[in-house]
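Here are my notes on the model, as numbered points. Please read them with the structure open.

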Amino acid sequence: MGIQGLTGFVEERGAFFTELRVRDTKLVIDGSSLYHRLCFASAVDFRRGGDYGPFAAAVRDFFGSLRACRVAPFVVLDGGRGADDRKLPTLRGRAAERLRAAHGLSRGDGGCLVPLLTREAFVQALGRLGVPFVQCFAEADREIAGLANRWGCPVLSLDSDFCVFDLAAGYCPLTHFQWQSVCAGEGAQGCYVPARCFSAEKFCRHFGHLNKSLLPLFAVMNGNDYIDLAALEVFFSKVRLPRGCAAGKGGKHVRLQGLLNWLSQFAEPAEAVDSVLKYLKKHQREETKELLCTSMEDYTPSDVNLEDFFQTGKYECEAARKADLPRWVLDALAKGKLAPFISDALILRSTFLHVQVENMQRPSAHSTALPIRQVIYGLLLKVSQNAEAASPSKQTNELPVVCEFDRLQKTLRKTSVQAASLPTDFCDDHFPLDKLMEVPTSCRQMLLLETLGVKMSLLESIPSHLQLPVAVTCYWICCSEPKVKLHQLKALLLMIVSGELHRITNDPDLTVLRAEDDNIAYNEFLKWKEKKLQNKDFDLDAAHSFCQWQCCLQMGLYLNQLLCTPLSEPDLSSRLYTGTLVHRLYQELKSTPSVENLFSFSPKMTRLYQVLLNTVES
């Protein structure tokens, strides 16, 4: 959520903030705001598909700062779109914005774009760091507000909606949360994070002692992610809004200020709503009143008890109960073991596929992973091959359809995709979705590997945590259009090996004894990375191919999670994919084939590269 223009208005006037020293407290964190903020702060390049290692390091450092100040973080993430799908128009708008940004970046313009697997890398990093987190069933704002008020602690976010919620200990914008500048503090109190806290009281005083209970009505009338202003334009065209205080730079916040000043004449929301309705035609009044009143409820803290979840691991919410999902699916969603993509496909039969910096003249990079998604949809919406055999004429009618939002060249398009029909094991009445985890592991593993076109015997020589990425790479080689070039494949495998080398030489959690030759190889690799790159050109076709690989990995991860991980989950936070590196390796392999021997000082890494190459080439 977010209120149009409010962040800019509040930021321009420092008067609405109080200084805060954050230490010795619980802190409820808006996970979506945090990973966006850390992603943009840690990225040096937005064109090459993301560097998840530096991002994971920023996540680790952020929570390290909190730990040093004895702050107990609780991260709350948004879930799916929810059964009412009220934000669909806003999400379509954001997807179109993302598409424009990706197209600009592909042509060499500036801009920012969250890499495809950032959310997955963030969830994995939280798990690895032992940071408590929950993934809500739908939008998280009300549950964040409810938990913060239950504990009497601040909310950390970038979402201007938290200026409107009635929060007992206030809202700290991430822009003013100086976690990289921890202060030593005086005496026994110890160090703290310097921050600023938005004060709704100061804000309301600024507008003629506006009653705080009118802020939700202001948010709804001014425009947020849920409400379309069309009906209210009549009101704004007729009403005379007071000018009030200085209109700000170029008067860009005139309407926002005028509305707040106008609302300050009313004692409570019902009185203000009645006054708004007088400006509308009679036939519009009832519907507008209902829309305003239900939308204001979005700013009441939720009664979902997240404290219970953090104590017992059980997530209970009315919307989830109504959706009637299997218990294990609800639990896995709440624990972040299934992505919101899964609940959207299951509840709404509709999904968004996020665009990357790819070749806009070609089909979407996501089209490569379509057969994997069809199997996911088949598992969620269950169709048996027996049913097809019984009535071939009805086959097309029998298969459920999921609506996907993806790009067609430079525009956002909605496409209907049929779910795949599954092997009988998965469609017998013994194994509906709620019993999926009771299917023998060998059968679940077989379905995963058959979908990726790989046999388990092929993966046996591969370390278990790399088996899924290698299977996905085999799939990518077979299914990509245009075909993957050998230099692209080698660059990708060398990048995976460099991630392994980084992991074994840098991970403090690893108990294995580090071989000296691995350290030498890693230092040589760092020296190579520091050399100036001769060719800094951006190869859009190579970028497109690596985007296809990430799409396949994302859907491979989701299918593996849905099948209750028959293969180990690969760790994105340990540099499994580093976009700037894979592009550099690809450029250098074209001119200097000897780059293939980059890890020759380490027999173990040389062996790993050969095993990976032999496996995917066979």
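1. Start with helices H9 and H10. H9 and H10 are roughly perpendicular to each other, because angles of 65 to 115 degrees count as roughly perpendicular, under 35 as roughly parallel, over 145 as roughly antiparallel and the rest as oblique. Their axes cross at roughly 80° and come within 12 Å. H10 covers residues 254-263. Glu233, Phe235 and Phe236 of H9 make the contact with Arg255, Leu259 and Trp262 of H10. Contact means heavy atoms within 4.5 Å. Axes are lines fitted to C-alpha atoms, for helices over the stretch in contact, and angles run from 0 to 180 degrees between N-to-C directions. Helices (H or I, at least four residues) and strands (E, at least two) are DSSP runs, numbered from the N terminus.

2. A word on the source. This is a predicted model, in which local features need pLDDT of at least 70 and side-chain atom pairs count only at pLDDT 80 or more, while totals for chains, interfaces and linings use all residues. Residues are numbered from 1 along each chain as its sequence is written, and side-chain values use heavy atoms, with hydrogens and water left out.

3. Next, confidence. pLDDT is the predictor's confidence in each residue, from 0 to 100. The protein averages 91, and 93% of the residues score at least 70. Two stretches need care. Over residues 245-250, pLDDT stays under 50, and the model has 13 contacts there beyond four places in sequence. Over residues 384-396, pLDDT also stays under 50, with 11 such contacts.

4. Which residues does H16 use to meet H17? Phe341, Ile342, Ala345 and Leu346 in H16 meet Arg373, Ile376, Tyr377, Leu380 and Leu381 in H17. H16 is residues 340-347 and H17 is residues 370-381; their axes come within 10 Å and cross at roughly 60°. That makes H16 oblique to H17. The crossing is right-handed. A crossing is left-handed if the near helix is turned anticlockwise from the far one by less than a right angle, and right-handed if clockwise.

5. Another helix pair is H25 (residues 540-562) and H26 (residues 579-591). Their axes are 11 Å apart and the helices pack at an angle of about 130°. H25 is therefore oblique to H26. This crossing is right-handed. Ala542, Ala543 and Phe546 of H25 make the contact with Val582, His583 and Tyr586 of H26.

6. Now alanine 419. Buried or exposed? Alanine 419 is buried, with a relative accessible area of 3%. Buried means under 20% relative accessible area, exposed over 50%, partly exposed in between (1.4 Å probe, protein chains only). Alanine 419 sits in the loop between strand E10 (411-418) and helix H20 (441-452). Leaving out residues up to four places away in sequence, alanine 419 touches Gln374, Tyr377, Gly378, Leu399 and Pro400. Valine 402 is 17 residues from alanine 419 in sequence, and their C-alpha atoms are 7.1 Å apart.

7. At 1.5 Å a residue, the 15 residues of H12 (282-296) should span 21 Å, and the end C-alpha atoms are 22 Å apart, which agrees. The expected span is 1.5 Å times one less than the number of residues. Thr288, Leu292, Ser295 and Met296 are the buried residues of H12. They pack against helices H8 (215-222), H9 (230-238) and H11 (269-277).

8. Helix H2 (residues 31-42) has 12 residues. From its first C-alpha to its last it reaches 16 Å, close to the 16 Å expected. Gly31, Ser32, Ser33, Leu34, Tyr35, Leu38 and Cys39 are buried. The buried residues of H2 pack against several elements, including helix H3 (52-68), helix H5 (118-129) and strand E3 (71-77).

9. Finally, some backbone points to check. The peptide bond from glutamate 481 to proline 482 is cis, with omega near 0°. Proline 482 lies in the loop between H22 (467-479) and H23 (486-506). Aspartate 24 has a positive phi, near 50°, and is not a glycine. Aspartate 24 is partly exposed, at 48% relative accessible area, in the loop between E1 (17-22) and E2. Histidine 209 has a positive phi of about 55°, although it is not a glycine. Histidine 209 is exposed, at 61%, in the loop between H7 (200-206) and H8.
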